[in-house]
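Let me put the structure up first and then write down what I look up.

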Amino acid sequence: MKFRSAAHNEKATARIGLWLGIAFLVCFVTGLISHAIQHPPSWFFWPSRPVNFYRITQGLHVISGVAAIPLLLAKLWSVYPKLFERPLVKSLPHALERGSILVLSGAAFFELVTGIFNVAQNYVFTFYFPAAHYAVAWVAVGSILVHIAVKLPVVRRALQRDTSPDLSRRAFLRTTWLASGVAVVATAGVTVPFLRNVSTLAWRSAKGPQGVPVNRTAAAAGVTKDPSWTLEVAGKRFTLDQLSAMPQTTADLPIACVEGWSQSASWTGVPVADVLKAAGVQPGAAVQVHSMEQNGLYRTSTLPGEHTKDPLTLLALRCNGEVLDMDHGYPCRIIAPSRPGVLQTKWVNRLEVL
Ligand SMILES: Nc1nc2c(c(=O)[nH]1)N[C@H]1C(S)=C(S)[C@@H](COP(=O)(O)O)O[C@H]1N2
Ligand SMILES: [Mo]
């Protein structure tokens with residue numbers, strides 16, 4: 001079969017492939033960062049500043065993933081006649097090449113589809129999302145590298161060849177860029193403030209109490225108001241009145257959920273460093289944060305020393321000028337700069353020094 005349509009043309013394929021490669025690279029690197037912060041290897045260090053650093057890397061992760069969807073579809077469309085070429089296998093290198101394309105397409109689809117379901121908080125799949133999404137990312141990147149190595153001569157030829165201006169190829173490319181751009185603009189408002197009102201497909205534009213969305217409500221977490229609540233820090237106990245009487249810090253800090261939304265708010269509370277000091281703990285100690293939640297994957301988190309030292313790492317008592325809503329973690333929660341939302345533990349009742 002010979003396809004003569006402009007879409008099925010090496011130059012178009014190579015151009016789209018280049019952009020798809022860039023989108024996947026950004027997505028992969030930002031994904032690795034997010035994974036490392038949540039499961040830090042011993043050599044890993046994540047700075048607490050700038051305060052929006054994680055918000056930006058995670059925003060890029062979601063945006064590059066969304067942009068990759070139209071690019072992947074266009075790329076497959078531009079090569080699909082080749083996918084049906086006969087004979088299926090001509091030689092060993094040819095078999096490897098085809099095999100890697102099969103693995104690559106499968107892994108890429110898996111990543112984009114599970115990612116979209118995840119940001120939509122639609123956990124239809126039975127496997128554990130983070131582990132599967134992380135593992136398949138390596139498969140995708142490995143097969144992309146094989147694919148690039150195999151196709152490099154073709155790509156070079158295609159991008160260098162001085163073809164006469166081909167209006168229908170340009171139209172195909174323009175449609176692809178447009179589709180990618182529309183997909184990004186329609187969703188990026190979940191994390192980019194000035195697009196908030198533009199992104200009609202944003203999965204999280206609904207505001208929660210105090211102007212901040214809620215990921216897990218107190219009811220869902222099985223947490224209720226406890227009049228006898230105290231905060232235990234290295235064996236010492238603090239009442240809410242005692243915490244409220246300590247010097248308070250107010251700062252604009254974002255919640256940047258790994259599920260792809262982020263939003264800044266004004267938080268007021270006691271720096272964790274001050275609470276640790278009041279309990280006689282060495283500054284810069286790493287801390288395990290515990291919450292009143294009994295079950296649930298996110299009822300505890302670890303605050304590394306870089307974060308407990310930072311004067312903007314707060315045990316927040318107030319949000320946007322009001323006493324913390326029950327759903328935002330009343331009586332107190334962690335809000336630390338440049339940290340995934342999943343580690344901003346709510347309903348805190350104990351800081352355990354590690
Ligand atoms: N104890 C506890 N804290 C938690 C969670 C949780 O399930 N349990 N969810 C986390 C997640 S995933 C996010 S994104 C933030 C969201 O905070 P918010 O609901 O106040 O917006 O809280 C974090 N803190
Ligand atoms: Mo989250």
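These are my notes, one topic at a time.

**Before I start**

I'm reminding myself that this is a predicted model.

**Entry 1: what the UniProt record says**

I went to the record first. UniProt, in an unreviewed entry, gives "transmembrane region" for residues 12–38, 58–80, 101–120, 132–150 and 171–195. I picked two of those spans to check against the model. Residues 171–195 are 68% helix and 0% strand, with 27 Å between the end C-alpha atoms.

I found an open sheet of five strands in the order 2-1-10-5-6, and the pairing is mixed. Which strands stand at the edges? They are strand 2 (236–238) and strand 6 (300–303); each has a single partner strand, so one side of each has no neighbour in the sheet. Going from one strand to the next, the twist averages 20°.

I then looked at strand 10 and its partners. Strand 5 (residues 287–291) and strand 10 (residues 348–353) run antiparallel, with five bridges joining them. Strand 1 (residues 231–233) pairs with strand 10 in the parallel sense, over two bridges.

I wrote down who faces whom. Val 289 is opposite Leu 351 in strand 10, and Val 233 also stands opposite Leu 351. Ser 291 has Val 348 of strand 10 across from it. I'm keeping Ser 291 in mind for the next entry.

**Entry 2: ligand 1**

How many residues surround ligand 1? I get 21, and the closest are Pro 213, Glu 293, His 328, Arg 333 and Lys 346. Sorting the shell by type gives nine nonpolar, six polar and six charged residues.

Then I went through some polar contacts:

- Ser 291 is back: one of its polar side-chain atoms is 3.3 Å from a nitrogen atom of ligand 1.
- Arg 333, one of the closest residues, has a polar side-chain atom 2.6 Å from an oxygen atom of ligand 1.
- Gln 344 takes part through its backbone, where a polar atom lies 3.0 Å from a nitrogen atom of ligand 1.

I ended with the backbone angles. Where do I find cis peptide bonds? One joins Arg 49 and Pro 50, with omega about -10°. Pro 50 is in the loop between helix 1 (10–38) and helix 2 (53–83). Another joins Tyr 330 and Pro 331, and omega there is about 5°. Pro 331 sits in the loop between strand 8 (322–323) and strand 9 (333–335).

I also noted Gln 210. Its phi is near 60°, which is a positive value in a residue other than glycine. Gln 210 is in a loop as well, the one between helix 5 (167–187) and helix 6 (218–221).

Note on methods
Residues are numbered from 1 along each chain as its sequence is written. Chains are lettered from A and ligands numbered from 1 in the order in which they are written. This is a predicted model: local features need pLDDT of at least 70, side-chain atom pairs count only at pLDDT 80 or more; totals for chains, interfaces and linings use all residues. Side-chain values use heavy atoms; hydrogens and water are left out. A residue is near a molecule or strand if one of its heavy atoms lies within 4 Å of it. A polar contact is a pair of N or O atoms within 3.5 Å; within protein, one must be able to donate a hydrogen and the other to accept it, and residues adjacent in sequence count only if both atoms are side-chain atoms. Ala, Val, Leu, Ile, Met, Phe, Trp, Tyr, Cys and Pro count as nonpolar, Asp, Glu, Lys and Arg as charged, and the others, Gly among them, as polar. Two strands pair if DSSP finds at least two bridges between them. Helices (H or I, at least four residues) and strands (E, at least two) are DSSP runs, numbered from the N terminus. Axes are lines fitted to C-alpha atoms, for helices over the stretch in contact, and angles run from 0 to 180 degrees between N-to-C directions. UniProt positions are given in the numbering used here, feature names are shortened, and annotations may be inferred rather than shown by experiment.
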